[in-house]
Amino acid sequence: ELLAFLLDGLHEDLNRVKHKPYIKSKDADGRPDEEVADEYWANHIARNDSIIVDVCQGQYKSTLVCPVCNKVSVTFDPFMYLSLPLQATTTRTMTVTVFTSDGSALPSTYTVTVPKHGRCRDLIQVLGNICSLKQSEELKVAEIQNHSIQRFLDDPLISLSTIKDDDHLAAYRVPKLVKKAVFLQLIHRLQEQEPGAAQTTSQWKAYGTPLVSSISRDDVISSGKIQSTVQRMLSPFLKKESLMHADSFDPSSMVTTVDPSGEAHSNSSSNIAKEDASSSKAVTLPNLPLQLVDESNVCFDLSVEGDKTIRIPSSSTSIVVYVDWSQKLLEKYNTHFLENLLEVFKNGPVTKKARTEPLSLYTCLEAFLREEPLVPEDMWYCPQCKERRQASKKLDLWRLPEVLVIHLKRFSYSRSMKHKLETFVNFPIHDFNLTKYVANKNSSRRQLYELYALTNHYGGMGSGHYTAHIKLLDENRWYNFDDSHISPINEDDVKSAAAYVLFYRR
């Protein structure tokens, strides 16, 4: 912060421009990047012309894309230094269990890597790829609390930082939404003996992970329809023995294999409930004890009154159905697949090891240049929509300065905490090659840099101590500057986890 203030102050004091002209920047509007970049740089120099600009300032290309109308806005902005994030702060792993809604397979649990400050759409995209989501399907991600759905993460722009490590997430593969569909949330209940109460008093308590399926409103929604939908959802959990009594059914066809990766693959015949529901040789599964919960929180028993039409208010997007697991029913199904929903992130010995692995300066630079959505506080006014939008932003290096100052973002601030990252960053001392990171392909020169100085920071957030390592170029030797104490050091000792600001020269 002091350095940025000092360079800025020196530039203002040494600015050769005494009367700054007012220049309105023009939109790129599809013109060649080189032309627009030179125009922006000329406008910048017309107001800012000092030795600091000559030596320390570069230019990057900034591309904003509107998520609604896809308007692309390109600007070229000057920079005095690059503030690079440390990768440790830019990604996180999340564990999510994916359930099918059509009864085609057992649930599978996946651990995926997502941007730490990413959005829900990033999580859905990675999960969709890993579980081979079909074109006709979409994923509905839900936060599960107390064996019920706390909320659906429906908005693709929900920040992943609102999901804590000890939360539990489930994702449901459902058919892409027909406009007239209603989601059926199936909540499992077990009978629990009241502690200390008489033998006879027991209560139904929610347990396990809810399941989700969709029912079209075009069909008549009847208790029979709900019954068959629930039976289809639960079909992968049916034990083989429970099917043996169905004479029209070959028990060997109900096989679910688990491969070494721990993923469950059911062969197509595990769709029995789905395929046979319409055929005359259907496996007659016993009616399940289902209770429908209406808007006023009253339960209706769906297994009593034959096939009754259910009225669902047009404003409702989902219905809640309880399935009550009696001891007898539990013997027919493998419900342990529904029981242990893993936490989003479990802190274990593995993560400690990962954190101590060195990080390369190139990786930090790539994280800085990666496309990501703007934070909600930084919404962009889209000139085409005439509204503020959460655009995605991509930076590219365009013009590099003689002296490149790099700031490693070791200090992280959030509303609740402030902390310093002690990550070791492996930075090149010689031949820091930025050629491939420069978007201006007309510039044929190789962009090679060497380190000549760096600032170190020791200590935490509250108090700390700064030292510097500086190479005296005429002596070709490195020295450590620590307050009034100066001592020669070997080049091998220049790198440490305390490095904070790096100074490179072309």
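Mentor: We will take a sheet, a helix on it, a surface patch and one arginine.
Mentor: This is a predicted model, where local features need pLDDT of at least 70, side-chain atom pairs count only at pLDDT 80 or more, and totals for chains, interfaces and linings use all residues. Residues are numbered from 1 along each chain as its sequence is written, and side-chain values use heavy atoms, with hydrogens and water left out.

Trainee: OK, what is the strand order in the open sheet?
Mentor: The order is β5-β4-β8-β6-β7, five strands with mixed pairing. Strands are DSSP runs of E, at least two residues, and helices are runs of H or I, at least four, both numbered from the N terminus. Two strands pair if DSSP finds at least two bridges between them.

Trainee: Which are the edge strands?
Mentor: β5 (108-115) and β7 (148-152), each pairing on one side only. From one strand to the next, the twist averages 40 degrees.

Trainee: And in what sense do β6 and β8 pair?
Mentor: Antiparallel, over eight bridges, between residues 137-145 of β6 and 168-175 of β8. His168 in β8 is the bridge partner of Ile144.

Trainee: Which helix packs on the sheet?
Mentor: Helix α4, residues 120-130, which touches β4 (91-100), β5, β6 and β8. Contact means heavy atoms within 4.5 Å. The direction of α4 makes about 135 degrees with that of β5; axes are lines fitted to C-alpha atoms, for helices over the stretch in contact, and angles run from 0 to 180 degrees between N-to-C directions.

Trainee: Which residues of α4 are buried?
Mentor: Cys120, Asp122, Leu123, Leu127 and Gly128. Buried means under 20% relative accessible area, exposed over 50%, and partly exposed in between, with a 1.4 Å probe and protein chains only. Those buried residues pack against β4, β5, β6 and β8.

Trainee: What follows α4?
Mentor: Ser132, with a positive phi near 50 degrees.

Trainee: Switching topic: which helix gives the most to the nonpolar patch?
Mentor: α1, residues 2-14, with three residues.

Trainee: Why does Leu10 count as partly exposed?
Mentor: Because its relative accessibility is 37%.

Trainee: What does Arg389 touch?
Mentor: Not counting residues up to four places away in sequence, Arg389 touches Cys66, Pro67, Val68, Met379, Trp380 and Cys382.
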